[in-house]
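Subject: Structure for you to look at

Hello,

Here is the structure I promised to pass on. Please open it first, then read my notes below.

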Amino acid sequence: MDIKIIFNLHGNVLIAFSIIFFVPVFYAVEVMHEPDTAKIFLLTGFLTAFVGAFFVFSGKNHRRRLPAVEAALSMIFIYPLLSAIGLVPILFFDKINLIDAALDTVSNFTSSGISILPIDSPYILKLWQSLEMWFGALIFLVLTVTVMPEVGGCFGLSLSLTQGQSFSPMFGQMNNMAKRVIKIYCGMTLLSFALFNAAGLNFWDSLLMSMRCISTGGGNFFPGRENIYVQYAAAFSMLAACLNILLLYRIIFSLRPPKTNKESKTWADVANYIRRIKNNLAAKAKIFFTDSEVRTLLATIFVCVGFIFLHSLLRHPSADANRVFRYAFFHVTSFISTTGFHLTSIEHSHDFDRFMVFVTALLGGCIGSVTGGLKIIRFLILWKSAGSELEKTMHPNMITSIRINKNPVSPEIVGRVLGFFFMAAVTLFVCSALLSVVRPAFSTAVAISVACLTNTGVLPGICEPSTFLYLTNFDKFLCAVMMVAGRLEIFALLIAVAGFVAGKGVQKW
C-alpha cells in the first residue's frame, strides 16, 4: 500500500481548505470589527496550511497511478480530517460539548446540515457552517470525478462516459477533471448568489444561502423565509444542484469563445462566436432534455408536486392555489436535492405530503451532482433490470438489453447497482437496529438512519435537529459514521476496510 499517495491527496485538500479561512477573517475584521475573533480563524487556517504542507512533503515521489484501495482509504479519512479542524472555531465561539460540535461539523462537510447549534449562535458561526458545507460538497464533486471511478466505477458513474467524459487513475487526467467541476461549481454558486441578491437579501445572507443551496447543506439558517422571491431563488438553486455537473460542463464549455491570436479581428471573432452559439444551442438543449436521468428527475418533480398540490386542494378547497403550488414545488425540490430546507407549514401537513418528501429524499438527484440519496439513475437501472427479467421469464428465448440514453448498460454495472441497493438496505437495517437499542423508538431510528445515509439531515415531523441532541454519545458517533458512509457511497467504506485488512488490492471483491 502506497501511503504517500494518501498523504499527497490529503495535503492538497488541507491547503485548499486553509484558503477558506480568509472569508471569516475578513468578516470578523471588516463587519464585526473584532480582531480577536479574526485571530482564531487566522491561526487555525495557518495551522491547516502547515499540516497540509507537511502531508504534501511526506507524500513526495508517490506513484502517478491511484490504486483502488488507496483511493477508498483517501475518501474515508478526508471527512474526519476536515471535521477535526473545522470544529475548532465552533468550540471557541459556542457553549457546546465536543461530541455535539463534532457531529455538527461532520454534518456540514457531508452536506447533511443537521445544524444542532443554537439558533442564536453568532452570525460568523453560520458563515463558517456555510463554508464547511460548500467546501465539503466541492470535495465530494472532485472525489466523484477523480477518485470514486477507481473504486468500482462509482457503481453507476461510469455511465457518464456516454456523455463524452473519461476517467483515469492517472494524476494528470484527474487534475483536468477536477478543474472542470470546480469551474462549474463556482459558476453555479455565483448564479445562485445573484438570484438571492435580486430576491432582496443582503450580500452576506445571499452568500450564505447560495452556499447552502448549491451544496445541498441546508440547515436552520433561512433568512427571508416568507419572501416569495427568496423561496423561488432557493428552489431553483436546489434544482440546479440536482443536475449532473459533467453534463453541464459538456453543454456550457462547448459554447466558450474560441481562442484568438493577436492578428485576429475582434469583430470577426464575435460574429463567429454568435454564429456558433446559434447553431449549437438547440443541439445542446436537446442533449440536456433528452438525457434519461434529467427527464426522470424533472418528471419525478412534476408528479410529486402534482400529487401534493391536488391533495392539498382537495383537503382545503378554499386555499390559495398559488401558495399551495409554491410550497409543494419548494419542498419537493428541497428534499429531492437532499437539502432539507422546509417552511413552517410542512411540519403540520398531512402524513401523505410528508411521505412524498420522504420518498424524494430517498431518490436524490443525478449521479454527477452533489445531492445525497440513492440517485435516480440507479433506480432507472433497477426498474429496467426488473422489466428485463420479467420479459425473460415470459419469453425465455428473448434477448433483452438494458439501455440508458440509447447506450447499452453492461451486466457488470447492473450487478454493481443491485449490490449497492442490497448493501444500502442492510446498512439501513443494521444502523436502525443499533440506534433503537437504547433510546429512540424503531420508527424514529429508521428516520434518523434515512436522514443520515441520504445526507438529508432532517425529515419534517419525523426527524428534526433536536432529535439528535437527545441521543447517546455512541448514537451520535454512529450518526457521524452513517453520514460519511452515505456521502461516499457505502461500498467505498467496505472496500477500504476489506483492502486494509487484507493488506492488498480488492481482487477478492
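Is lysine 384 buried, partly exposed or exposed? Lysine 384 counts as partly exposed, because its relative accessibility is 32%. (Buried means under 20% relative accessible area, exposed over 50%, and partly exposed in between, with a 1.4 Å probe and protein chains only.)

Some background. This is a predicted model, where local features need pLDDT of at least 70, side-chain atom pairs count only at pLDDT 80 or more, and totals for chains, interfaces and linings use all residues. Residues are numbered from 1 along each chain as its sequence is written, and side-chain values use heavy atoms, with hydrogens and water left out.

Lysine 384 sits in helix α15, residues 376-394. (Helices are DSSP runs of H or I, at least four residues, numbered from the N terminus.)

Next, the nonpolar surface patch. It covers about 870 Å², and Phe422, Val426 and Phe429 are among its residues. (Patch residues have over 30% relative accessible area and no salt bridge; nonpolar side chains, meaning Val, Leu, Ile, Met, Phe, Trp and Tyr, are joined within 5 Å. A salt bridge is a side-chain nitrogen of Lys or Arg within 4 Å of a carboxyl oxygen of Asp or Glu. Areas come from the Shrake-Rupley method with a 1.4 Å probe; for residues, only the protein chains shown count as cover.) Helices α16 (411-435) and α19 (473-487) each give two or more residues. α16 gives the most, with 5. Phenylalanine 422 lies in α16. Phenylalanine 422 counts as exposed, because its relative accessibility is 56%.

Last, serine 210 in helix α8, residues 203-214. Serine 210 counts as buried, because its relative accessibility is 0%.

Best wishes

Methods
Patches are made of residues with over 30% relative accessible area and no salt bridge: like charges are joined within 9 Å, nonpolar side chains (Val, Leu, Ile, Met, Phe, Trp, Tyr) within 5 Å.
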